[in-house]
Amino acid sequence: MSSDMPLEAAVTELTLAVGQLLRRLRSETNADGLSWSQTAALARLTRGGPMTTADLARAEAVKPQSMGATLAELEREGLVVRQPHPTDGRQVLFAPTEAGLAARRQRSAAKQKWLMAAMAGLDADERRLLVAAIPLIKRLSEAE
């Protein structure tokens, strides 16, 4: 890909490449059959601790009803558990169970394993170029 590529074409190519990479990472880690929404909710609970349905829905930019369905399925699978809210008796918090934490670790390990193998297939210059692009990709993801 040429560095003098028009911006619109570069945006299209980057969108396609990132989408393809994300789909591949998901396919490598979907042995447990969790949906993308379930995986994202479980990951957020694992990183951020117990949350209400509404807080989790806001954090994931989905409707509370959708998040409620996602959490119900995770609860049926034994991956999250309800806990009483410490200050508001009307609310319930959801937290990952030990099985949920283990599933999250397993998914992370599968992603790491696949990406390590894929990157090992690159030559040294390609790996350096990819590593050099990481801060730029992060900046793009944080742009307003």
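Select Val18, which lies in helix α1; helices here are DSSP runs of H or I with at least four residues, numbered from the N terminus. Val18 is partly exposed at 40% relative accessible area, where buried means under 20%, exposed over 50% and partly exposed in between (1.4 Å probe, protein chains only). The model is predicted: local features need pLDDT of at least 70, side-chain atom pairs count only at pLDDT 80 or more, and totals for chains, interfaces and linings use all residues. Residues are numbered from 1 along each chain as its sequence is written, and side-chain values use heavy atoms, with hydrogens and water left out.

Helix α1 (residues 7-28) gives the largest share of the patch, three residues.

Next, select residues 98-120, helix α5, and find Arg104 in it. α5 has 23 residues and spans 32 Å from first C-alpha to last, close to the 33 Å expected; the expected span is 1.5 Å times one less than the number of residues. Arg104 counts as buried because its relative accessibility is 15%. Beyond its neighbours within four places in sequence, Arg104 is in contact with Leu42, Ala43, Thr46, Arg47 and Lys111; contact means heavy atoms within 4.5 Å.

Move to Leu56 in helix α3 (residues 53-60). Leu56 is buried, at 0% relative accessibility. Leaving out residues up to four places away in sequence, Leu56 touches Ala41, Arg44, Leu45, Met51, Met67 and Leu71. Ala41 is 15 residues from Leu56 in sequence, with a C-alpha to C-alpha distance of 7.2 Å.

Finish with the salt bridges, six in the structure, each a side-chain nitrogen of Lys or Arg within 4 Å of a carboxyl oxygen of Asp or Glu.

- Arg82 and Glu75, 3.0 Å from N to O; Arg82 is partly exposed at 47%, and Glu75 is partly exposed at 28%.
- Arg90 and Asp88, 3.0 Å from N to O; Arg90 is exposed at 75%, whereas Asp88 is buried at 13%.
- Arg128 and Asp125, 2.4 Å from N to O; both lie in helix α6 (residues 124-142), three residues apart, about one turn.

Terms used:
Helix = DSSP H or I, 4+ residues; strand = E, 2+ residues; numbered from the N terminus.
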